[in-house]
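Keep the sequence and the 3D view open as you read.

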Amino acid sequence: MKNILERIQNGDVLVADGAMGTILMEHGLKPGDPPESFNLTHTEILKKIASLYLKAGAEIIQTNTFGGSPLKLAMYSLDDKTEEINKNAVLAVNEAIGEHAYVSGSCGPSGRLLKPYGDVEEEEMYNNFERQIKALIKGGIDIICVETMTDLTEATQAIKAAKTVSSSTPVMATMTFDPTPKGFYTIMGISIEQAVKGLENAGADIIGSNCGNGIENMVKIAREFRAYSTLPLIIQSNAGLPEIKGNKTIYPETPEFMAEKAKELVSIGVSIIGGCCGTTPEHIRVLCEMLNRRMGKNK
Ligand SMILES: [Zn+2]
């Protein structure tokens, strides 16, 4: 298989997968339990989720390691299992997808704040991601995905750790923005322009946004990223803002609505489109159908 960056240079638009947490819940993950605990006990479910997204048409499949950095795992006394948790997640996806898709090593926030807001030194943050990323690379991932970041310094430490562990492994980095009267900002006060500069300088190969407030805001965010950067872009939107109905969490945006709006992402020049919270294999399947029609491919 060609390297992801070569595919993008070739003009290909790649589809990534959708949410992981909601499917894990359907398979018995209890609220409040770390999703990564399944990497020690239920790897067959990880394989099943990867297979569902592969079947839906995704070409980039994430590992269940969003909270797999030792600082985050320490909140559940699982930090001494960092290597096993990350390695098992990569093996599960690799077994499920073979050579049919790329494995993306997910690295989410540490859950801790850097000084002066919190008590973590930059070096400790770097070491945190270095340890996770070493295990992911050893497991055999194709790309690293630093995602859902709101603190630019935390994001840049993760990118630098990835590039130091393996300079040849591509890194995508996404931050999460909210609309404010002054424009889009992360909850830590980072603008899109600041994010673009910071992520680029740290060495990210692909940049963009994930999670957030739904596909319509993501189109605006993508446009702003494109205005500030010439790097390939990735967008992984939530299926809208969750609504609580009874004891159920409902995400309002349908597969058809999201795929229709994703056409605008393609026009803006976004290279990787996937989903975040609330998106399902059906969202990904409909998105692939739309892209194939657009590119005149029959599938
Ligand atoms: Zn999300």
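## Salt bridges, and one to start with

A salt bridge is a side-chain nitrogen of Lys or Arg within 4 Å of a carboxyl oxygen of Asp or Glu. Keep in mind that you're looking at a predicted model. Searching the whole structure turns up 14 salt bridges.

Start with D205 and K163, whose side chains meet in a salt bridge at 2.9 Å, N to O. This pair ties together distant parts of the chain, 42 residues apart: D205 is in the loop between α9 (192–202) and β8 (206–211), while K163 belongs to helix α8 (residues 152–165). Are these two buried or exposed? D205 is buried, and K163 is too.

## R7 and its partners

Now hop over to R7, which makes a salt bridge with E59; their closest N and O atoms are 3.0 Å apart. Here too, distant parts of the chain are linked: R7 sits in helix α1 (residues 4–9), and E59 lies 52 residues away, in the loop between α4 (43–56) and β2 (60–62).

Why does R7 count as buried? Its relative accessible area is 14%, and buried means under 20%. E59 has 21% relative accessibility, so it counts as partly exposed.

## D119 and R112

Another salt bridge joins D119 to R112, with the closest N and O atoms 3.1 Å apart.

Which strands does β8 pair with? One is β5 (residues 171–175), which pairs with β8 in the parallel sense over four bridges. Within that pairing, A173 has I207 of β8 as its bridge partner. Another is β9 (residues 233–237), which runs parallel to β8 and is joined to it by five bridges. I207 turns up here again, standing opposite L233 in β9. To get from β8 to β9, the chain crosses through helix α10 (residues 215–228), and this β-α-β crossover is right-handed.

Technical notes:
Residues numbered from 1 in each chain as written. Predicted model: local features only at pLDDT ≥ 70, side-chain atom pairs only at ≥ 80, totals over all residues. Heavy atoms only, no water. Helix = DSSP H or I, 4+ residues; strand = E, 2+ residues; numbered from the N terminus. Buried < 20%, exposed > 50% of the residue type's maximum accessible area, 1.4 Å probe, protein only. Pairing = 2+ DSSP bridges. Right-handed = clockwise from strand over helix to strand, strands pointing away.
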